[in-house]
Amino acid sequence: SQVPIGWPVASNHTHVLDPNQNPLPPHQEGELWISGPSLGRGYLNRPDLTDQKWKIHPQWGRMYRTGDRVSQDEEGCLFYHGRIDQQVKLRGYRVELGEIETHISHLDVFNEVLCCVVQNKQIQHLYLAYTTLSEEELSQECLSDVRQHLQQILPAYMVPTRWIFMHQLPKSTGGKLDRKQLQSLCLD
């Protein structure tokens, strides 16, 4: 669904670009990039993240890539369609689900892991669905040890609050892990 988010603030410019940083015509979805004099210089003490998000475009100069998937109508009004990456908002924090999955998958007890955020009655829960190497559900004691380990390396809001054992994680017809299908399973 399309959610109108309006126009850029004065003196800034928005660009809807394809993956090769080429402009897209009206009504085509692409990534939102921002340029203009009020653009920040980067992330404080995070040169790696600055290099990922701030780029020099040959036509418009220094630009910020938002990671938002948008389209634009003929008048320049932007419409939000979701994220390009797996970043979500969880209790006011921006969270990259893939980062959580990477930390968890480095532990030797899991075969596959997949995270999603589900809202139940005004409360958001971070779910982790997992398969194990042995095809048996992990004991509560083992899961408690995993949670304690994650609390040492991740902020508290990034540690999953709900853990679901599955014999097989949901996959798309193309064979990729399907986060949306997991989300709908967690709502049931």
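**Close-up 1. Phe110, Tyr130, Trp163 and Phe165 come together as one aromatic cluster.** This view, like those that follow, is taken from a predicted model. A search through the whole structure turns up seven aromatic pairs. In the pair made by phenylalanine 110 and tyrosine 130, the ring centres are 5.3 Å apart and the planes meet at 70 degrees, so the arrangement is edge-to-face. The two partners come from distant parts of the chain, 20 residues apart, with phenylalanine 110 in strand E9 and tyrosine 130 in strand E10.

**Close-up 2. The largest nonpolar core of the model holds 22 residues.** Ile100, Phe110, Tyr130 and Trp163 are the residues with the most contacts inside this core. Two or more residues each are given by helix H2 (97–105), strand E9 (110–120), strand E10 (123–132), helix H3 (140–153) and strand E11 (162–165). Which element gives the largest share? That is E9, with four residues. Have a look, too, at tryptophan 163: leaving aside residues up to four places away in sequence, tryptophan 163 touches Phe110, Leu128, Tyr130, Leu143, Val146, Arg147 and Leu150. Another core, of nine residues, lies apart from the largest one and includes Leu114, Cys116, Ala129 and Leu182.

**Close-up 3. Threonine 131 sits in strand E10 and is buried.** The relative accessible area of threonine 131 is 2%, which is why this residue counts as buried. What does threonine 131 touch, once residues up to four places away in sequence are set aside? The contacts are Phe110, Asn111 and Glu112, together with Met166, His167, Gln168 and Leu169.

**Close-up 4. Strand E3 (residues 30–35) is largely enclosed by the rest of the structure.** Strand E2 (residues 13–17) runs antiparallel to E3 and is joined to it by five bridges.

Definitions and conventions: Residues are numbered from 1 along each chain as its sequence is written. This is a predicted model: local features need pLDDT of at least 70, side-chain atom pairs count only at pLDDT 80 or more; totals for chains, interfaces and linings use all residues. Side-chain values use heavy atoms; hydrogens and water are left out. A nonpolar core is a set of buried Ala, Val, Leu, Ile, Met, Phe, Trp, Tyr and Cys residues joined through side-chain atoms within 4.5 Å. Buried means under 20% relative accessible area, exposed over 50%, partly exposed in between (1.4 Å probe, protein chains only). Contact means heavy atoms within 4.5 Å. Rings of Phe, Tyr and Trp (its six-membered ring) pair if their centres lie within 6.5 Å; planes under 30 degrees apart count as stacked, over 60 as edge-to-face and the rest as tilted. Two strands pair if DSSP finds at least two bridges between them.
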